Amino acid sequence: MTTLAAADSHLRGRHTKGRLFSWLLGAMTCFGIVMLLLLLVQVLRQGASWLRPEFLTRVASRVPEKAGVLPALVGSIYTIVITALFAVPVGVAAAIYLEEFAPRNRLTRIIEVNIANLAGVPAIIYGLLGLALFVRLLHLQRSLVSGALTLGILVLPVIIIASREAIRAVPSSLRQAALAVGATRWQTVWHHVLPAALPGVLTSVILALSRAIGEAAPLIVIGASAYVPFCPRKLTDSFTALPIQIFTWAGLPDPKFQNVAAAGIIVLLALLLTMNAAAVIIRQRAGSKLKW
Amino acid sequence: MVSPTPSADAQPVTPQTGAAAAVDVVLRCEQVSVSYGEKAAVHSVDLAVEAGRVTSFIGPSGCGKSTLLRTFNRMNEFIPGVRIDGRVLYRGQDLYARDVDPVQVRRCIGMVFQKPNPFPKSIYNNIAWGPLINGMVPRAGRRGYLDDLVERCLRGAALWDEVKDRLDENGLALSGGQQQRLCIARALAMEPEIILMDEPCSALDPRSTQRIEDLIDELRGRYTIIIVTHNMQQAARVSDKTAFFYVGELVEFGDTDQLFRRPREKRTEDYITGRFG
């Protein structure tokens with residue numbers, strides 16, 4: 001009979017191994033979190049005292065004490081709204097088509113592979129595309145709308161891929177239930193598949209927009225201005241955005257501008273956190289009604 | 001739309017019992033074969049389903065009974081590479097004719113699935129949705145019409161007394177057996193002539209199974225029911241006619257009593273006496 005009380009040395013060895021790995025994994029997790037915290041602490045230490053109400057209402061200035069973030073903040077918000085208006089309908093529609101309607105053939109497979117590849121293309125390449133297409137070919141100038149559309153194209157693959165995942169996760173039994181009572185494909189998608197996929201789609205949208213709002217490279221390529229002393233009013237106005245403003249400040253010789261840049265980073269982070277919080281809330285609202 | 005064909009001679013696989021009374025055939029398969037890519041699932045099935053009766057399909061797993069059932073409301077065609085040959089006639093019309101709309105087919109031929117799959121909506125809307133999207137609800141007096149419809153269907157599915165005070169609750173909050181009866185009620189709301197049931201009790205406990213079987217018995221006569229089941233006792237209990245399938249072929253089709261007591265085919269006998277399956 002095997003005694004249950006005293007574990008043999010082999011079993012003890014296995015337990016030790018298990019404990020070792022859980023420690024290792026924990027340590028890796030801590031490493032990531034600690035790095036993030038260090039970054040956050042550093043930025044807060046540098047920038048918190050510079051983050052006064054005037055900072056949010058003033059325009060950029062040569063004097064660090066008078067510098068403000070308003071045009072960049074407004075530019076970023078406008079950009080992201082236009083990006084969303086363009087990329088979300090197009091991306092979600094493409095995801096629905098590929099997942100629910102497209103015939104499964106070689107052409108769709110080629111399209112799928114290419115979308116996946118596009119998601120991995122560096123942002124600066126999208127900037128060049130935006131420069132050629134929107135600024136030059138469509139004569140939209142170095143404007144707000146050019147920047148927003150460029151960012152829209154940049155995040156489109158992300159939205160498509162993640163939305164498809166969300167749509168695919170909807171159980172096929174739900175589709176069959178709808179079809180069996182005489183619904184058309186479209187009614188099935190609109191009334192059942194999309195509502196069920198909504199939390200996942202929203203997550204993908206917010207993740208994509210969060211990426212877009214932090215991008216500086218493509219905007220620099222299409223020529224967002226470094227110094228804009230006014231808020232954009234029209235789609236064709238020249239503009240700046242938070243990442244560009246931060247980048248510009250960080251490159252200025254006066255060391256006080258490092259603090260201004262840090263304050264700008266805090267504003268950008270706050271904006272990002274707000275967007276993510278909104279996503280969580282919307283997702284929970286939508287998700288609470290759907291369970292199976 | 002009642003088929004005018006005299007049916008006595010049109011029953012090749014049914015043994016003629018006594019007088020050639022006119023049999024009302026609602027669904028007829030003529031040499032129906034179904035294949036997925038290279039793999040054939042159903043071979044040349046001839047079958048006539050009588051109106052108002054309960055017909056059960058039995059056979060071991062993979063014998064093609066569910067596949068055949070799904071050809072009756074064109075639910076097979078979402079599977080890539082599926083190919084259907086032969087004719088499936090509903091009241092004399094070929095379900096796969098070029099001008100037939102599958103949506104229209106599914107309005108007349110309802111379906112209940114293996115796993116209960118109510119919509120993640122209220123009990124009320126689970127039933128109202130089908131008629132609403134199909135434009136069956138008159139615009140005037142909409143609410144009253146729907147209230148009546150919901151009550152009638154829930155009563156029809158023997159669920160009304162259990163849920164009448166909580167029609168706004170999510171259909172998924174019900175127990176498994178109640179969910180399956182809700183799915184039956186949902187099918188009834190379309191006023192189908194035929195209801196297909198694909199192993200409707202396989203996910204349910206014995207008590208819930210009993211209730212579904214009682215319900216099938218109540219629906220007999222008003223609806224034509226075709227039920228696929230793994231459970232031979234269930235087929236014997238609920239059905240008037242039984243079809244036994246084996247590796248894609250219809251081996252034997254006849255009155256349930258006769259098929260279980262005096263099977264004509266050796267394979268049927270081996271299966272129902274538990275020698276394989």
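Predicted model: local features only at pLDDT ≥ 70, side-chain atom pairs only at ≥ 80, totals over all residues.
Biologist: How are residues and chains labelled, and which pLDDT limits apply?
Modeller: Residues are numbered from 1 along each chain as its sequence is written, and chains are lettered from A and ligands numbered from 1 in the order in which they are written. Side-chain values use heavy atoms, with hydrogens and water left out, totals for chains, interfaces and linings use all residues, local features need pLDDT of at least 70, and side-chain atom pairs count only at pLDDT 80 or more.

Biologist: What area is buried between chain B and chain A?
Modeller: Contact (heavy atoms within 4.5 Å) takes in 22 residues of chain B and 19 residues of chain A. In chain B, the greatest losses of area to chain A fall on B:P120, B:W129 and B:I133, together 28% of what that side buries. Buried area is the accessible area (1.4 Å probe) that two parts lose on being put together, summed over both. Carbon and sulfur atoms give 66% of the total, which is about 1700 Å².

Biologist: How many residue pairs are in polar contact across the interface of chain B and chain A?
Modeller: A salt bridge needs a side-chain nitrogen of Lys or Arg within 4 Å of a carboxyl oxygen of Asp or Glu, and this interface has 0 of them. A polar contact is a pair of N or O atoms within 3.5 Å; within protein, one must be able to donate a hydrogen and the other to accept it, and residues adjacent in sequence count only if both atoms are side-chain atoms. With both residues at pLDDT 80 or more, the number of pairs is 4.

Biologist: Which helix holds both B:D147 and B:R143?
Modeller: Their side chains form a salt bridge at 3.7 Å, N to O. Helices are DSSP runs (H or I, at least four residues), numbered from the N terminus. The two residues are 4 apart, about one turn of the helix, and that helix is α4 (residues 142-156) of chain B.

Biologist: At what angle do α3(A) and α10 of chain A pack?
Modeller: A:A72, A:L73 and A:S76 in α3(A) meet A:L242, A:P243 and A:Q245 in α10(A). Axes are lines fitted to C-alpha atoms, for helices over the stretch in contact, with angles from 0 to 180 degrees between N-to-C directions. The axes are 8 Å apart, and the angle is about 145°.
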